[in-house]
Amino acid sequence: MEKHVFLEMSNISMTFPGVKALDQVSLNIREGEVHALMGENGAGKSTLIKIISGVQQPDPGAKILLDGKEVEFPSVHASIQSGINAIHQDLSLFPNLTVAENIYLGRSKKGKIDWKECDNIALEALERLSVQMDIHELLGNLSVAKQQLVAIARAISLSSRLLIMDEPTAALSFSEVRMLYEIIRKLKKENIAILFISHKLDEVFEVSDRVTVLKDGKYVGCKNIEELDESMLVQMMVGRSVSYEALNQESHASEKILEVKNISREGNFKDISFSLHKGEILAFTGLVGAGRSETVKALFGLNPPDEGEIFIHGKKVELKKVSQAMRHKIAFIPEDRHQEGLILNMSMRDNITLPVLSELLDRLGFTNGKKTESLSEEYVKTLNIRPGQIEKMAKNFSGGNQQKIAVAKWLVTKPDILIIDEPTHGVDIASKTEIHKLLKSLAKQGMAIIMVSSEWQEVFALSDRVIVMRHGRIVHEDSTKTGDQNLMMEKAILGEGKA
Amino acid sequence: MKKLLERRETSVFLILAVLCIGLTIYSPTFFSYTNIKNVLVSNTALGIMAAGMTFILITAGIDVSVASQMMFSATWLALLSETPFGNPVTLVLAAILIGFVTGAINGFLISRFDIHPIIITLGTNSIYRGIILVMTNGRWLMNLPKYFTAFSKTVFGIPLPVVYAVLIFLVSAWLLKHTYFGRSIYAMGGNREAARYAGVNLKKTIFFTYTYTGVLCGLAGLVLDSILGNCQPSGSNGWEMNVIAAAVIGGTNILGGYGTIGGTVIGVLMMGVIENGLVVAHVPTYWQKLVYGLIIIVTVTIDVLRKKKADSKKQMIEID
């Protein structure tokens with residue numbers, strides 16, 4: 001029997017300066033269903049759940065019906081009062097408060113806090129998750145996975161009708177993911193609806209009843225899970241079927257440029273060995289927290305290993321400082337480009353030329369405007385950065401173009417080895433394809449590229465070889481042309497494959 | 001027990017205790033009733049303001065106008081006491097009202113326009129100070145009436161200003177620890193966006209925090225006047241730095257999220273004991289500032305290093 005729809009949203013639009021994040025999207029939720037919200041990065045999923053949970057207000061004209069009555073969610077509190085609460089990515093908790101307070105906060109609005117009630121609510125919420133922990137411990141002292149459980153406990157205790165989760169499993173280990181599925185099924189029995197965002201197809205097929213797909217801020221469709229299979233779902237999300245075309249056809253017989261032998265660093269990675277050839281793209285993959293970023297940072301002098309050896313062109317090298325890594329012609333583009341990669345308040349020209357500024361001086365030691373201009377313009381052209389105005393501030397470019405500026409910034413150093421962490425994180429589909437093309441052409445020109453990626457599609461479409469990490473160790477290494485994707489996933493998650 | 005030892009307040013308290021014992025051995029006059037009373041009384045106004053500063057620092061804000069707010073109140077109160085309307089009741093009411101107004105102006109400007117508090121309070125610092133200088137022409141207001149100085153009498157051997165300060169500490173600690181307002185302050189300082197997502201009204205919380213501090217500054221003005229028996233409108237210049245320092249030495253995180261009234265009280269005592277200790281030890285007063293500076297840097301550096309170590313451990317990956 002079909003359960004009745006209690007929340008109906010239509011004509012939801014959301015305009016940010018210069019971007020239409022949502023364009024007349026609709027969504028309906030039935031009582032006690034598990035509803036997956038899917039779409040590529042930048043499709044507008046997070047914006048949509050921010051609207052439902054009262055964090056952001058949609059453009060005028062939006063229509064939200066709750067039990068057939070027209071309502072608005074002008075504040076987080078209004079949503080909570082309607083029995084709706086969300087777990088946002090990384091944003092919902094207070095490291096300086098206790099577990100109990102984290103769960104309780106947002107309930108009473110004034111006056112004295114009833115500590116007994118606070119403890120009881122926390123204990124009850126954790127009980128429902130069958131989790132045991134010291135509720136008087138400061139949240140900041142817990143592991144990331146435990147913090148995530150606290151976030152879930154908090155949201156459960158606030159949501160009587162609809163619980164929203166933005167990528168709930170991103171930071172969880174395999175067994176904790178299993179536990180979360182159990183919790184979801186339990187809540188479903190209590191007739192609480194769940195709306196969740198996920199990028200993991202298997203997850204969606206395992207727990208959800210219905211799927212709504214968004215693409216580029218537009219509504220694509222809503223289907224029962226039985227009507228779909230994986231490739232249909234991907235097609236809805238991407239708008240075409242994705243082919244795993246291997247793009248770099250050169251042989252591996254080319255010159256070995258980097259060799260890493262048994263490097264370890266306490267609490268980061270253990271016993272890592274691999275080699276990298278000219279013109280090759282090597283992918284590091286695995287779950288979040290497997291030690292991938294920590295490992296590649298070691299090659300750029302940011303995370304120097306305690307033991308082990310690194311050879312470049314057959315010569316043993318020290319990489320304890322960034323300046324040493326740069327001298328060996330290594331470049332690193334971090335994942336968090338806003339924080340670590342770009343100076344947002346500087347022009348594109350200043351950003352691009354920053355790493356080589358000392359080489360662009362004229363005889364008096366001043367920066368040479370002509371040189372910086374021609375150099376920036378050269379890279380604007382090769383990378384197809386739009387708009388190509390080199391004086392424009394970096395913050396005024398779209399995510400994809402900022403990404404390209406970050407790439408340009410390191411390409412000017414003409415590196416032999418390019419390390420790039422999550423090359424297309426937070427980038428729209430069009431820019432994603434362009435960045436992929438760019439990396440491929442760089443490899444073709446002989447650059448050796450190491451990339452860290454969590455997206456299997458990307459790993460298989462782009463790289464020649466893949467290294468799977470888990471708990472700080474390498475658990476698998478294979479060619480992407482002959483390798484078995486399922487086996488690799490299992491290794492990443494379980495540490496061992498069935499085969 | 002282990003948790004108690006891990007707390008920042010504990011280590012500062014131990015340093016304070018060692019300092020007191022050392023000073024007592026060096027010069028027995030340090031531990032005399034008169035000297036202890038002096039140390040406590042002369043730091044009450046500082047302590048009362050530091051309680052308010054603790055609230056503000058926990059929200060990740062700052063208020064450099066506290067000394068001006070205190071003098072603003074002190075000057076008006078002294079002027080009031082020269083008129084026929086002056087009596088103990090009107091003095092207390094006026095102190096609260098004046099502090100409320102100066103604090104509320106800060107709170108309104110900061111929360112309404114979302115401007116960094118250091119800019120707003122730098123501005124109001126100058127304005128409040130300017131108003132009283134213009135009003136009095138910089139004239140000292142001498143010989144405050146008896147009923148005014150009676151506020152700082154000693155009753156049964158206990159100086160009243162110390163009683164006021166203790167009461168204010170208790171109320172402040174209770175507000176921080178056990179009310180929705182207090183917990184919102186911590187939440188906001190710990191993770192501003194998350195606090196917003198949890199339904200905390202940030203603007204209101206900021207407004208109340210600065211207003212509460214203003215009221216405490218108003219009361220500090222009353223206490224200061226009654227202790228000194230006169231009012232010097234250009235006085236207590238630069239006290240705001242001592243107030244901030246006391247809170248920070250007591251473990252309040254200048255970036256927000258952490259701090260306690262207990263810690264701040266220890267910080268105030270630390271500043272007071274050092275000042276007094278230098279006198280007792282016959283160190284020229286010119287050394288005072290230098291020692292203050294060293295103490296601030298050393299205590300905070302130790303804390304930051306300890307935190308860094310703990311954080312780097314937390315980020316480690318379990319390798320099996």
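Two strands pair if DSSP finds at least two bridges between them. Keep that in mind for the first exercise; the model here is a predicted one.

**Exercise 1.** Work out in which sense S17 and S18 of chain A pair, and over how many bridges.

*Solution.* Start by finding the strands: S17(A) covers residues 417-421 and S18(A) covers residues 448-452. They run in the parallel sense, with five bridges between them. For a landmark, look at A:Ile420, which sits opposite A:Met451 of S18(A). Now zoom out to the sheet: six strands of chain A in the order S16-S17-S18-S13-S19-S20, open and with mixed pairing. At the edges you'll find S16 (330-333) and S20 (473-479), each pairing on one side only. From one strand to the next, the twist averages 15°.

**Exercise 2.** Decide how H5 and H7 of chain B are oriented, given an angle of about 25°.

*Solution.* Take H5(B), residues 66-81, and H7(B), residues 117-136; their axes are 8 Å apart. Angles under 35 degrees count as roughly parallel, so H5(B) is roughly parallel to H7(B). The crossing is left-handed. Next, pick out the contact: H5(B) brings residues including B:Met71 and B:Phe72, while H7(B) brings B:Tyr128 and B:Ile132, among others.

**Exercise 3.** Describe the side of chain A that touches chain B.

*Solution.* Count first: 30 residues come from chain A and 20 from chain B. On the chain A side, helix H2 (residues 76-81) gives the largest share, three residues. Then sort that side: 10 nonpolar, 14 polar and six charged.

Definitions and conventions. Residues numbered from 1 in each chain as written. Chains lettered and ligands numbered in written order. Predicted model: local features only at pLDDT ≥ 70, side-chain atom pairs only at ≥ 80, totals over all residues. Axes fitted to C-alpha atoms, helices over the stretch in contact; angles between N-to-C directions. Helix = DSSP H or I, 4+ residues; strand = E, 2+ residues; numbered from the N terminus. Parallel < 35°, antiparallel > 145°, perpendicular 65-115°, else oblique. Left-handed = near helix turned anticlockwise from the far one by under 90°. Contact = placed C-beta atoms within 7 Å. Nonpolar A, V, L, I, M, F, W, Y, C, P; charged D, E, K, R; others polar.
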